[in-house]
4 protein chains.
Amino acid sequence: MPEPRIRLGMVGGGEGAFIGAVHRIAARLDDRYELVAGALSASPDKAMRSAEAIGLPPGRSYPDYRSMARAEAARPDGIEAVAIVTPNHMHASVAEAFLEAGLHVICDKPLTATLAEARRLRDKARASGLIFAVTYNYSGYPLVRHARAMVQAGEFGAIRVVQVEYAQDWLAGPLEASGQKQAEWRTDPARSGAGGCIGDIGTHAYQLAHFVTGMAPEQILAELTSFVPGRRLDDNAQILLRYGNGARGALWASQVAPGSDNGLRLRVFGEKGGLDWSQEEPNQLVWSPLGEAPRLIKRGTTAVNAAGQRVSRIPSGHPEGYLEAFATIYAEVAEAILARRKGAPLDPMVTFPTIEDGFAGVAMVEAALRSHAVGGLWVTAEP
Amino acid sequence: MPEPRIRLGMVGGGEGAFIGAVHRIAARLDDRYELVAGALSASPDKAMRSAEAIGLPPGRSYPDYRSMARAEAARPDGIEAVAIVTPNHMHASVAEAFLEAGLHVICDKPLTATLAEARRLRDKARASGLIFAVTYNYSGYPLVRHARAMVQAGEFGAIRVVQVEYAQDWLAGPLEASGQKQAEWRTDPARSGAGGCIGDIGTHAYQLAHFVTGMAPEQILAELTSFVPGRRLDDNAQILLRYGNGARGALWASQVAPGSDNGLRLRVFGEKGGLDWSQEEPNQLVWSPLGEAPRLIKRGTTAVNAAGQRVSRIPSGHPEGYLEAFATIYAEVAEAILARRKGAPLDPMVTFPTIEDGFAGVAMVEAALRSHAVGGLWVTAEP
Amino acid sequence: MPEPRIRLGMVGGGEGAFIGAVHRIAARLDDRYELVAGALSASPDKAMRSAEAIGLPPGRSYPDYRSMARAEAARPDGIEAVAIVTPNHMHASVAEAFLEAGLHVICDKPLTATLAEARRLRDKARASGLIFAVTYNYSGYPLVRHARAMVQAGEFGAIRVVQVEYAQDWLAGPLEASGQKQAEWRTDPARSGAGGCIGDIGTHAYQLAHFVTGMAPEQILAELTSFVPGRRLDDNAQILLRYGNGARGALWASQVAPGSDNGLRLRVFGEKGGLDWSQEEPNQLVWSPLGEAPRLIKRGTTAVNAAGQRVSRIPSGHPEGYLEAFATIYAEVAEAILARRKGAPLDPMVTFPTIEDGFAGVAMVEAALRSHAVGGLWVTAEP
Amino acid sequence: MPEPRIRLGMVGGGEGAFIGAVHRIAARLDDRYELVAGALSASPDKAMRSAEAIGLPPGRSYPDYRSMARAEAARPDGIEAVAIVTPNHMHASVAEAFLEAGLHVICDKPLTATLAEARRLRDKARASGLIFAVTYNYSGYPLVRHARAMVQAGEFGAIRVVQVEYAQDWLAGPLEASGQKQAEWRTDPARSGAGGCIGDIGTHAYQLAHFVTGMAPEQILAELTSFVPGRRLDDNAQILLRYGNGARGALWASQVAPGSDNGLRLRVFGEKGGLDWSQEEPNQLVWSPLGEAPRLIKRGTTAVNAAGQRVSRIPSGHPEGYLEAFATIYAEVAEAILARRKGAPLDPMVTFPTIEDGFAGVAMVEAALRSHAVGGLWVTAEP
């Protein structure tokens with residue numbers, strides 16, 4: 001018998017939300033979850049309408065997340081995990097409610113809108129012993145896994161330089177003034193926190209670099225800019241990173257870079273070689289061993305290591321994309337939840353971003369804001 | 001209330017099958033289907049084991065497709081459509097059984113192993129009035145839809161030249177001799193039909209060119225080769241095409257082209273412009289209006305026309321891939337089935353490859369074999 | 001003391017000619033030649049004006065090529081070689097005049113406008129013992145040399161498939177009707193010969209494939225088309241090639257392919273690997289050893305073999321282009337001429353296309369025209 | 001009559017030098033110069049041997065630059081301009097000698113090894129009224145010219161973000177310890193100045209950004225690193241730039257980035273669009289007008305503006321490269337010299353980097369060193 005699907009709930013992700021739909025596809029793609037409950041909107045009407053639209057079972061659409069946490073925890077067939085896809089400022093309180101109910105959490109990023117919340121939530125999650133995943137979804141790409149395993153195996157020698165960037169252009173104009181929902185909340189300090197572009201996509205770039213290299217910077221210097229008149233949060237961030245081992249990094253995040261759709265790119269250079277990977281062409285990675293011809297590592301081929309093969313679904317040349325990588329995060333979390341269910345040890349190759357990564361992202365944003373506040377000085381990365 | 005999911009059955013696709021798993025993900029991705037019955041293998045044991053592994057409801061795993069067709073047709077909650085993912089030589093008899101049971105069919109390609117079967121099946125499907133889709137999945141890509149709509153709108157003027165190719169390298173050695181299942185049946189005339197590479201991937205290339213240009217050749221000339229010693233079917237095919245309007249085409253399909261994973265590429269050149277699209281980088285298309293700078297059309301952007309937008313799920317820069325395109329075929333068929341269910345008219349933008357495309361593919365293979373048999377002469381494309 | 005520069009003359013290449021200027025830069029780039037005489041135009045006035053414009057020494061601009069051949073052969077400081085850059089139909093008589101005068105010849109391609117001329121010229125050149133180079137300039141690219149040496153060293157095993165294409169778009173409209181000189185003579189049978197696109201660029205593609213693989217086809221089948229109304233010569237050619245060893249090739253040449261500037265691309269697939277090279281990005285070549293990650297071979301790096309290194313001028317990453325490759329043909333011919341001068345043996349790595357390649361190109365055009373004339377049948381490649 | 005060639009001398013560039021040979025080809029390519037004198041090495045023997053090897057006229061190879069300046073200035077047929085291609089620390093004294101002799105100067109970059117020298121030389125050059133070009137050769141690429149003209153025409157609106165990088169890998173190991181000449185002097189403070197990578201290639205990146213955008217930063221912050229043990233100068237530089245109009249820039253230069261050959265890339269983002277150009281594929285530029293499909297601007301096509309067309313030599317698809325761009329600098333300087341000769345006004349489209357650009361580069365290096373010396377603080381860009 002196959003293991004019964006994991007019963008999943010969702011908070012946020014009602015009508016018009018982009019990321020909620022993505023989470024649902026991601027959960028469904030590998031057939032490990034069943035979405036059975038939700039509080040899909042802060043507006044009860046909209047919550048109910050959204051629940052109907054996606055076919056939630058009757059009686060399991062809740063007007064608010066607190067009642068959902070209580071009710072589901074009390075049901076014998078209640079949810080085992082919740083996916084939190086609200087705007088950032090809600091993450092902490094929602095997550096706390098479900099942790100208190102004894103349920104695993106899958107939370108979107110950035111973890112919280114403030115560092116204080118992030119710290120409190122991290123402590124609570126640690127204490128709970130529950131699984132707490134943060135959907136830094138780009139770490140789900142097979143070739144990102146491959147790259148990480150290469151670094152861990154020492155194939156680049158000591159890392160010297162990290163160049164990571166994440167460029168978009170959808171906020172090059174004052175889109176928030178047009179009523180576009182995504183733009184509205186992402187440029188609103190009350191809902192996004194004090195970081196704009198840096199929180200929304202800078203944290204992705206930061207996490208990706210960390211995930212692949214295993215290195216966290218000791219010092220950070222940030223130049224944050226808000227180019228669009230009237231915008232209340234940064235829409236461009238240039239950040240320098242000093243790592244403890246002497247390595248140096250640069251991170252550029254922008255939402256005002258015309259021609260850029262979702263240009264997340266990571267380059268890592270070590271003593272013995274370099275790597276180059278771009279999210280928009282995720283099925284290939286260029287590996288340049290020093291002094292040799294660069295190799296084009298293509299997902300699904302025998303040139304990919306075990307860590308990368310593990311999370312591939314289909315043969316090389318059949319492109320996997322964003323949804324598949326996102327689904328991999330869900331699949332990895334499913335492994336962890338099922339291991340708990342069965343009291344079995346977790347496959348050591350399973351990996352997914354956790355509350356610790358979530359906290360690190362918020363801490364980076366806070367450090368960048370601190371650096372910026374003093375005119376662009378070097379600051380310690382974590383308080 | 002959302003429309004209840006379509007109840008789907010599957011024939012073939014048991015343990016170790018590649019394409020069966022793909023069909024299941026494709027059916028699941030957009031949440032329009034529920035897989036509730038199957039005859040997953042010709043071996044009853046394996047069928048049962050496979051059914052369990054994917055969680056089919058008890059009692060709805062069948063030892064053979066005939067009993068499945070009968071039983072499901074008889075149930076009030078029986079399947080509404082069947083997905084056929086067996087080796088090619090089984091397609092016809094399985095499809096006929098389900099058509100006879102009054103059920104819609106979604107069948108893998110090539111449609112059948114022989115032209116006689118294809119004709120009989122086509123006639124039966126036409127007569128039935130049922131939906132009969134053939135999973136030429138590459139026509140599900142958004143930018144393929146975009147390209148087709150551009151051609152239809154006359155943006156290229158009269159088409160002059162079509163260059164289409166589909167190159168792989170997985171059969172560059174005698175893989176079938178190693179016991180690899182995919183290689184075994186795909187190089188076995190008894191299961192694949194008399195076309196090897198030309199049937200397996202040449203038909204995809206042919207259908208893609210037809211789908212985008214709307215043109216079918218009047219004459220065909222084929223040079224088929226079997227390079228690997230001992231191989232019983234062609235592994236390389238070079239085909240010339242003469243269209244009725246004077247246009248000319250060339251189709252190259254190969255499974256012995258080292259460095260090629262799944263290199264399906266279509267270029268179309270008309271009086272007023274050209275287009276270039278590659279399946280391995282499906283999220284962009286180069287459109288070259290004559291005398292102007294080429295445009296990089298990126299999926300999900302405002303540069304994509306309605307036909308391409310319709311079948312996109314996520315924003316530009318968030319790559320969609322093979323599974324998403326495959327899922328689009330399922331989603332389009334779902335539209336058609338639901339329209340039937342409700343007695344509603346079908347959205348005219350819905351399009352998917354049908355039995356007619358399936359027949360055309362088999363006819364192309366037959367014509368190519370005929371041309372080859374006489375030493376490489378021009379033959380009429382369809383008898 | 002450095003060896004004195006080779007004294008070079010030029011026939012054709014006056015005002016408004018494109019290729020004459022290219023030859024002059026190519027001859028000058030490596031400082032091995034001195035252009036000292038010319039009959040730059042069939043119109044004596046224009047010849048004189050053109051000579052002045054490029055600074056030919058007084059008294060060495062000739063009104064016609066015959067007087068030039070005679071006069072230069074008689075001078076103690078007369079030219080040692082002549083570059084012939086006239087329209088195709090003049091090549092033979094000009095070349096013969098200079099061969100008769102005992103001078104080496106560097107002739108543009110295609111060699112002649114008819115096969116009869118080509119044969120006569122070939123025989124004459126053979127008999128003369130003089131150097132006769134034909135500027136199939138694409139064989140001068142370093143990575144083309146690299147590719148050829150790889151094939152010769154057996155790194156691909158037996159070659160199975162050759163795909164070569166050369167696509168342009170400058171003749172997609174009736175440019176010849178506008179008075180544009182290049183278009184006029186290249187679409188005029190009287191000046192170009194009976195092959196249009198196939199003679200102008202198809203021969204380049206053919207020679208490139210031959211140069212790299214060392215293989216010449218035994219049989220050819222051609223589909224020639226003239227798409228632009230009123231055009232007298234083919235502007236699109238699809239050609240199939242059967243090689244003696246069982247290998248198969250396809251050649252596509254087009255001047256009506258919008259979006260294509262000078263798209264010469266060669267792909268060669270053998271038992272043990274494949275290669276892919278494009279003239280528009282000439283500084284890299286993709287080498288795909290079967291079953292391994294493709295290697296990006298970049299000009300100027302240590303991954304390039306001796307044959308490729310020999311003809312590189314500057315470090316990797318500093319792109320060399322069309323003029324450098326053209327200059328390499330001149331530099332190679334210079335090696336040959338200087339070896340003659342000094343009575344020294346020629347470095348065996350020196351290679352350049354000769355009258356034999358020129359003849360083969362014209363023979364291919366003739367065979368293609370023969371195939372086309374009978375409706376597209378297979379014909380023997382050389383009579 | 002064509003204008004007689006400009007008589008050119010050269011200082012430096014003897015045996016084994018890379019850049020001297022490049023300058024000679026660049027000067028020769030368009031046939032505007034005649035190299036007639038030289039002091040090719042500080043070692044008189046080597047100077048003589050090198051002069052012979054490249055065929056300088058007898059009697060015009062000088063043992064030192066001072067005697068050369070004197071002697072040539074005194075000859076009626078003496079040189080009109082000198083090309084200075086020595087290591088950096090010699091530029092200033094050599095240039096001064098030739099300015100004093102009343103001769104135009106073409107000097108390699110960086111201008112000098114110290115800011116004091118740069119200022120003195122700049123003042124002297126200004127006072128002399130002579131032409132003083134600095135070979136920031138990348139500004140010679142046609143599409144760089146095109147980009148600059150687009151910015152000037154306001155096609156991007158106000159510039160917001162500049163991302164420029166220049167990555168190489170040839171110094172990833174301690175090459176200078178192996179006796180390699182290029183590595184030796186470029187990592188030697190006595191010959192290169194106090195900037196290593198930042199002076200050698202960072203100045204190119206800086207100048208390119210300035211050339212295209214017309215903007216100079218007001219403040220600079222630099223993180224310089226020397227990764228290779230024992231290296232005395234920086235081999236990696238991350239620099240942030242604050243422009244007066246609120247724009248922000250980031251410059252990354254590295255010589256320890258495996259997989260990078262000569263990776264100079266410029267991206268500029270303005271209110272109305274973005275551009276992306278890479279030196280290793282110099283024949284295309286991606287222009288992304290905000291909200292529209294990106295355009296692939298290809299050198300030589302009608303999509304290129306007058307500024308870009310002016311400096312193209314051959315049609316699109318026939319790649320021009322590094323040497324052609326370098327030659328364009330020489331060709332532009334030739335225009336300027338000939339205008340002086342004839343007392344004619346200079347074509348306003350002629351442009352080339354001058355002593356002012358040379359000074360700005362050295363000032364940038366100095367500012368970066370200042371920023372670095374204080375631990376990475378923002379400093380004013382020019383003293």
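These are my notes on a few features of the predicted model above.

**Ground rules.** I worked on a predicted model, where local features need pLDDT of at least 70, side-chain atom pairs count only at pLDDT 80 or more, and totals for chains, interfaces and linings use all residues. Residues are numbered from 1 along each chain as its sequence is written, chains are lettered from A and ligands numbered from 1 in the order in which they are written, and side-chain values use heavy atoms, with hydrogens and water left out.

**Entry 1: chain D against chain A.** I looked up the contacts (heavy atoms within 4.5 Å) and found 39 residues of chain D touching 39 residues of chain A. The two chains bury about 3100 Å² between them, 58% of it on carbon and sulfur atoms. Buried area here is the accessible area (1.4 Å probe) that two parts lose on being put together, summed over both. I noted six salt bridges across this interface, by the rule of a Lys or Arg side-chain nitrogen within 4 Å of an Asp or Glu carboxyl oxygen. I also looked at the pair Glu223(A) and Arg248(D), whose side chains form a salt bridge at 2.4 Å, N to O. On the chain D side, the elements giving two or more residues are β6 (159-167), β7 (217-225), β8 (236-243), β9 (248-254), β10 (263-270) and β11 (273-278). β6(D) gives the largest share, five residues. Strands are DSSP runs of E, at least two residues, and helices are runs of H or I, at least four, numbered from the N terminus.

**Entry 2: Thr213(A).** I found Thr213(A) in helix α9 (residues 197-213) of chain A. Thr213(A) counts as buried because its relative accessibility is 9%; buried means under 20%, exposed over 50%, and partly exposed in between (1.4 Å probe, protein chains only). Its side chain reaches the backbone oxygen of Ala209(A) at 2.7 Å and the backbone nitrogen of Met215(A) at 3.0 Å. Leaving out residues up to four places away in sequence, Thr213(A) touches Val151(A), Val162(A) and Val268(A).

**Entry 3: helix α6 of chain D.** I checked how covered α6 (residues 142-152) is, and nine of its eleven residues are buried. Among them are Arg145(D) and His146(D). Gly154(D) follows α6(D) with a positive phi, near 80 degrees.

**Entry 4: Val374(A).** I placed Val374(A) in the loop between α12 (355-373) and β14 (379-380) of chain A. Val374(A) counts as partly exposed because its relative accessibility is 49%.

Key. A polar contact is a pair of N or O atoms within 3.5 Å; within protein, one must be able to donate a hydrogen and the other to accept it, and residues adjacent in sequence count only if both atoms are side-chain atoms.
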